[in-house]
Amino acid sequence: MADNRVLTEVLRQLVDTFSYIDPGLVPYIADQLNLSKAEVLGVISFYEDFRTDKPPAHVIRICQAEACQAVGARQLIEHSHTEKYSGLDDIEIGTVSCLGLCACGPALICNNNVYGKVNTSKFDSLIHSLARHK
Ligand code: FES
């Protein structure tokens, strides 16, 4: 049986390269690492970053950890769920637990770029700039 660190690294490489893990690769990965398909799927489902669906053009994750909550992350998350941002086809908005930018919260990551001190106005500007770059 392969070490789960090897499996995790393989899955991370796939996500880094393709942005998601094609479910059709699970049997091949399992076979190559001498694991069951259930073991591979178990690791994929455990980590939020290991998605099996192709992501939209833009992915935003707002930090919901304590330091960011203390400076307004909850309000920012609520703002991101308002009607004006629901149903955006090319933008997915979700949450994440700590981006390592705790002193500059609320923080978010968008397409692998981290932003700090994000208020609702800055969030709106970011969304509008993404919408312009479709
Ligand atoms: S708590 Fe938000 S970046 Fe660490």
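Figure 1. N111 lies in the loop that joins β3 and β4. In this predicted model, the phi angle of N111 is near 50 degrees, a positive value in a residue that is not glycine. Most residues other than glycine have a negative phi. N111 has a relative accessibility of 30% and therefore counts as partly exposed. K117 is located in the loop between β4 and α6. Phi of K117 is likewise positive, near 50 degrees, and K117 is a residue other than glycine. With a relative accessibility of 53%, K117 counts as exposed, because the cut-off for that class is over 50%.

Figure 2. The bond that links G105 to P106 is cis, with omega near -10 degrees. Most peptide bonds are trans. P106 is part of the loop between β2 and β3, and A107 also lies in the loop between β2 and β3. Is A107 buried or exposed? A107 counts as buried, because its relative accessibility is 1% and the cut-off for burial is under 20%. Leaving out residues up to four places away in sequence, A107 touches R61, I62, C63, C68, L99, L101, Y115 and G116. The C-alpha atom of A107 is separated by 26 Å from that of I44, a residue 63 places away along the chain.

**Figure 3. R51 and its polar contacts.** R51 is situated in the loop between α3 (37-46) and β1 (58-63). R51 has a relative accessible area of 14% and is therefore buried. Which side chain makes a polar contact with the side chain of R51? The partner is E92, at 2.9 Å. The side chain of R51 also reaches the backbone oxygen of D53, at 3.1 Å. When residues up to four places away in sequence are not counted, R51 touches S19, Y20, I21, P56, V59, R61 and E92.

Figure 4. Helix α6 comprises 13 residues, 120-132. From its first C-alpha to its last, α6 reaches 18 Å, close to the 18 Å expected at 1.5 Å a residue. At the start of α6, a side-chain oxygen of N119 comes to within 3.2 Å of the backbone nitrogen of S121. The buried residues of the helix are F123, D124, L126, I127, S129 and L130. Which elements cover the buried residues of α6? The cover includes strands β1, β2 (91-96), β3 (108-110) and β4 (113-115), together with helix α5 (73-80).

**Figure 5. D124 of α6 and S80 of α5.** D124 is found in helix α6, whereas S80 has its place in helix α5. The two residues are 44 residues apart in sequence, and their C-alpha atoms are 8.8 Å apart in space. D124 has a relative accessibility of 16% and therefore counts as buried. S80, at 4% relative accessibility, also counts as buried. The side chain of S80 reaches the backbone oxygen of I77 at 2.7 Å. Neighbours within four places in sequence aside, S80 is in contact with I62, Y85, I93 and F123. D124 touches H79, K84 and Y85, again not counting residues up to four places away in sequence.

**Figure 6. The packing of helices α1 and α3.** Two packed helices are described by the angle between their axes and by the distance between the axes. Helix α1 (residues 4-18) packs with α3 at an angle of about 65 degrees, and their axes are 11 Å apart. The crossing in which α1 passes α3 is right-handed. Which residues make the contact? From α1, the contact is made by N4, L7, T8 and L11; from α3, by E39, V40, V43 and I44. The residues of this contact divide into 5 nonpolar, 2 polar and 1 charged.

Terms used. Residues numbered from 1 in each chain as written. Predicted model: local features only at pLDDT ≥ 70, side-chain atom pairs only at ≥ 80, totals over all residues. Heavy atoms only, no water. Helix = DSSP H or I, 4+ residues; strand = E, 2+ residues; numbered from the N terminus. Buried < 20%, exposed > 50% of the residue type's maximum accessible area, 1.4 Å probe, protein only. Polar contact = N/O pair within 3.5 Å; in protein donor to acceptor, adjacent residues only side chain to side chain. Contact = heavy atoms within 4.5 Å. Expected span 1.5 Å × (residues − 1). Axes fitted to C-alpha atoms, helices over the stretch in contact; angles between N-to-C directions. Left-handed = near helix turned anticlockwise from the far one by under 90°. Nonpolar A, V, L, I, M, F, W, Y, C, P; charged D, E, K, R; others polar.
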